[in-house]
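Welcome to this short briefing.

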Amino acid sequence: MKKTLKLSLLLSVFFVQTINAQTPGGVNTSLKLWIRAGSGTNLTGTLVNSWTYVNDNTKTFTGTGTQRPTLTANLINFNPAVTFNSAQWMDGPTGANAPIPASDDDYTVFGVWQSNIVNDFQRIWVQRTTLNTNNDALAFSTWNDGRYGDETGSFPFDHTIPRPYTAGAWNISQLNLLNQATADLEIIDDRNISTGITTATTDPAGTNGAALRNLGATVNRLGANHDNAQPLNGSIAELVVYDRPINGTERARLFSYFALKYGIPIKTNIVSSNGTVVWDATANSTYNNAVFGLALDNTSGLSVTSSNSIETGSGNGVGKTGQANIVLSNPSALTTDQTFLLIGHDNASLTQTTTNIPPVAAGSQRLARQWKVQSTGSAGSVSLAIHLNGLTVTGTNPTDFRLMVDLDGNGDFTTGTVFYYTPVSYAGNVLTFNNVPLANNNVFALVTSATASTPLPVTWTSFTAKVVDKKIQLDWSVENNDDAKHYEIEHSLDKINFTQVGIVNNQAGVVKYSFIYPNLTGGRHHFRIRQVDLDGKAVYSKLVSIKESDINIRVINNPVRNGRAEVEIAAYKAGTVTLELRSLSGATVISLQQKINPGVSRVSLPISGAASGQYILTVHSADMKLTERILKL
């Protein structure tokens with residue numbers, strides 16, 4: 001009992017530490033303040049009473065009475081933000097609990113923010129004393145000349161590189177104070193991170209200001225200065241403070257985190273918390289516009305399941321006029337950490353054209369703009385909505401439109417394999433496509449006036465895969481299949497190279513079909529169906545995937561009579577498995593590890609000391625867990 005209790009406590013501590021280990025972009029060293037509007041807000045209605053740090057739940061910003069700001073839902077890329085109206089502010093921990101130690105001389109502030117006004121003094125966040133000595137403050141501020149930056153004041157801390165901003169526009173910003181010497185300040189945002197960082201000296205005379213800054217710690221405030229002056233008329237979605245400069249790869253991870261979460265393009269590589277490039281701005285240079293997407297990055301606490309770019313859409317996904325906003329949502333398989341699905345466009349015209357049309361759709365029109373996909377892992381199929389408000393298109397009904405997807409990724413729809421998808425609806429100038437599989441390197445475009453010759457996919461009402469008796473059973477249901485000839489089943493292990501493995505003929509009046517794939521092996525299997533019409537036209541279904549266990553087990557001598565359970569393990573690859581035999585009450589009888597090779601291995605478990613009765617055998621591999629009940633006589 002004591003051992004069990006101790007283990008439970010250790011697991012509890014591990015679980016808490018794992019949850020607390022989430023940090024923006026995976027950058028945790030010297031993280032002092034992290035607030036985000038999606039968590040830690042205590043509300044009365046929409047009024048924010050308190051806003052607790054993500055990285056330390058013992059620290060909180062508080063507001064009272066009429067000074068409390070408002071939590072506004074869906075303000076930026078389906079995320080909330082805390083909104084201040086020029087008369088509201090919140091106070092946080094000060095003194096020894098302030099984000100930056102008093103008199104410190106190097107730190108970084110990151111913010112995702114917007115101001116509704118320009119040409120006015122505003123404070124987004126400030127740490128300082130209650131005095132007006134000008135060299136005691138760190139402030140994330142806007143000025144009366146339409147620019148924003150660090151606190152300005154009298155010598156030696158003026159500077160000349162504030163960045164311009166636009167009323168209502170969202171920004172990812174970094175204020176990076178490197179030291180108290182020359183070339184000691186950087187102001188970086190989503191617009192200049194890709195073009196090169198400039199560094200300035202806070203003392204315009206170019207002298208060394210070391211030891212002159214005297215940062216205070218008696219005020220830690222959101223939305224106003226220490227004396228409630230220079231209030232913010234705008235919103236804060238996220239604020240992060242480090243007690244050190246942030247540069248290089250760490251800066252890239254932080255900007256990528258904010259860009260993915262809030263749909264703010266940064267025009268440079270987007271990387272995960274472990275540094276993996278999930279959008280290559282160089283390789284995708286033609287399509288490096290309005291980049292956004294879906295993501296699951298547990299280290300950052302990042303789970304983006306609905307997204308659009310703020311360049312083309314709004315906080316709740318409504319498209320800006322004339323921008324062909326795309327909203328990605330409802331991923332079917334965004335469950336594995338470090339999974340990303342990003343898209344960007346080529347900035348081509350949003351007018352109709354008859355060029356680059358597949359031969360089978362000759363005479364159709366399409367939007368000239370194209371979008372490209374870069375995926376890491378698999379998010380499965382998605383819903384894709386395109387907003388056509390403000391655009392001139394010929395189509396008036398769902399059947400007038402197709403989403404066409406070029407699988408080879410060269411953007412030439414006249415060659416190679418092209419998939420077609422018909423929208424499930426066209427309402428309010430919005431086309432909605434469901435169950436669209438977008439794979440790495442796919443390029444897609446929109447047909448806006450489909451001719452009669454353009455492939456009209458069979459309406460796939462369902463398509464599923466399951467394991468039955470160590471085989472894979474595919475089941476699909478269709479509608480509008482009167483002109484279908486047959487269904488060609490294609491199989492792949494990598495989602496790139498497909499092989500035809502069978503044909504099922506279409507039958508008049510029959511809408512449900514099945515196919516058995518017998519060659520079940522370990523790993524993930526991918527299937528798609530090519531539906532061929534009587535006139536030879538062909539279109540594809542969505543992609544379905546299924547993962548089979550890398551191992552299968554069988555107890556040869558069950559029930560066990562001679563004191564040894566003989567376990568047969570069929571493996572598709574080499575590895576190590578753990579075998580555990582437990583009583584029905586959970587007591588461990590035996591536990592051992594066994595190396596196995598591809599093929600069939602046999603393991604003998606000595607259980608002569610166990611009492612007669614039923615037991616549970618569990619066999620773990622790297623990613624599978626199999627169980628079987630054993631009876632000992």
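Y53 and F61 are both buried. The model here is a predicted one, and a search through the whole of it turns up 18 aromatic pairs. Y53 and F61 make up one of these pairs, a tilted one with 5.8 Å centre to centre and 35° between the planes.

**Aromatic rings**

- F140 and Y148 also form a tilted aromatic pair, with 6.3 Å from centre to centre and an angle of 55° between the planes.
- F140 counts as buried because its relative accessibility is 1%, under the 20% limit.
- Y148 is buried as well, because its relative accessible area is 0%.
- One aromatic cluster is made of F110, Y242, F255, Y257 and F258.

**A charge over a ring**

- If you are curious about contacts between charges and rings, take a look at R528: its charged end sits over the ring of F498, at 3.8 Å from the ring centre.

**Around V600**

- V600 belongs to strand β46, which covers residues 599-606.
- V600 counts as exposed because its relative accessibility is 59%, and the cut-off for exposed is over 50%.
- Leaving aside residues up to four places away in sequence, V600 touches E568, I569 and A570.
- S300 lies 300 residues from V600 in sequence, and the C-alpha to C-alpha separation of V600 and S300 in space is 41 Å.

Note on methods:
Residues are numbered from 1 along each chain as its sequence is written. This is a predicted model: local features need pLDDT of at least 70, side-chain atom pairs count only at pLDDT 80 or more; totals for chains, interfaces and linings use all residues. Side-chain values use heavy atoms; hydrogens and water are left out. Helices (H or I, at least four residues) and strands (E, at least two) are DSSP runs, numbered from the N terminus. Buried means under 20% relative accessible area, exposed over 50%, partly exposed in between (1.4 Å probe, protein chains only). Contact means heavy atoms within 4.5 Å. Rings of Phe, Tyr and Trp (its six-membered ring) pair if their centres lie within 6.5 Å; planes under 30 degrees apart count as stacked, over 60 as edge-to-face and the rest as tilted. A charge sits over a ring if NZ of Lys or CZ of Arg is within 6 Å of the ring centre and within 35 degrees of the ring normal.
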